[in-house]
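Please look over the structure shown here before reading on. The notes after it are a short briefing for someone new to it.

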Amino acid sequence: AMQQKNVALKGERISSAISIVEGLRASLNMEAGGDISANLESMYDYISRRLMEANLNDDAEILDEVADLMRKIKSGWDEIPNNLEH
């Protein structure tokens, strides 16, 4: 959408991405998660701010940065064994 200069669609998609990140942030259990939750909260905050910056500045490189960060976070979650007790 950004490359096509479709401002409305760009704003909608970035807004959706921010909503997803904020949902992840809101689901953190700061008491149980300790440092991991604190680190994830900082990362989610950074990602949300970068998404807003990308939207304001039409900066696709920032979107690439954010996508890379989210892939790294996902790979960390993927490393957790499925049978791990809560």
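This is a predicted model: local features need pLDDT of at least 70, side-chain atom pairs count only at pLDDT 80 or more; totals for chains, interfaces and linings use all residues.

The protein chain has three helices and zero strands, and its elements run α-α-α from the N terminus on.

**Overall dimensions and surface**

- Taken along the principal axes, the C-alpha atoms of the protein chain fill a box of roughly 45 × 20 × 15 Å.
- The protein chain has 86 residues, and 21% of them count as buried.
- Its accessible surface comes to about 6400 Å², and carbon and sulfur atoms account for 52% of that area.
- Considering contacts between residues at least 6 apart in sequence, 48% join residues at least 24 apart.

**How α2 and α3 are arranged**

- Two packed helices are described by the angle between their axes and the distance between the axes.
- Helix α2 spans residues 30–57 and helix α3 spans residues 60–78; their axes come within 9 Å and cross at roughly 155°.
- Angles over 145 degrees count as roughly antiparallel, and α2 and α3 are therefore roughly antiparallel to each other.
- The crossing of α2 and α3 is left-handed.

**Residues where α2 and α3 meet**

- On the α2 side, the contact is made by Leu-40, Met-43, Tyr-44, Tyr-46, Ile-47, Arg-50, Leu-51, Glu-53 and Ala-54.
- On the α3 side, the contact is made by Ile-62, Leu-63, Glu-65, Val-66, Leu-69, Met-70, Ile-73 and Trp-77.
- By type, the residues of this contact divide into 14 nonpolar, three charged and no polar.

Definitions and conventions
Residues are numbered from 1 along each chain as its sequence is written. Side-chain values use heavy atoms; hydrogens and water are left out. Axes are lines fitted to C-alpha atoms, for helices over the stretch in contact, and angles run from 0 to 180 degrees between N-to-C directions. Helices (H or I, at least four residues) and strands (E, at least two) are DSSP runs, numbered from the N terminus. Angles under 35 degrees count as roughly parallel, over 145 as roughly antiparallel, 65 to 115 as roughly perpendicular and the rest as oblique. A crossing is left-handed if the near helix is turned anticlockwise from the far one by less than a right angle, and right-handed if clockwise. Contact means heavy atoms within 4.5 Å. Ala, Val, Leu, Ile, Met, Phe, Trp, Tyr, Cys and Pro count as nonpolar, Asp, Glu, Lys and Arg as charged, and the others, Gly among them, as polar. Buried means under 20% relative accessible area, exposed over 50%, partly exposed in between (1.4 Å probe, protein chains only). Accessible areas come from the Shrake-Rupley method with a 1.4 Å probe; for residues, only the protein chains shown count as cover.
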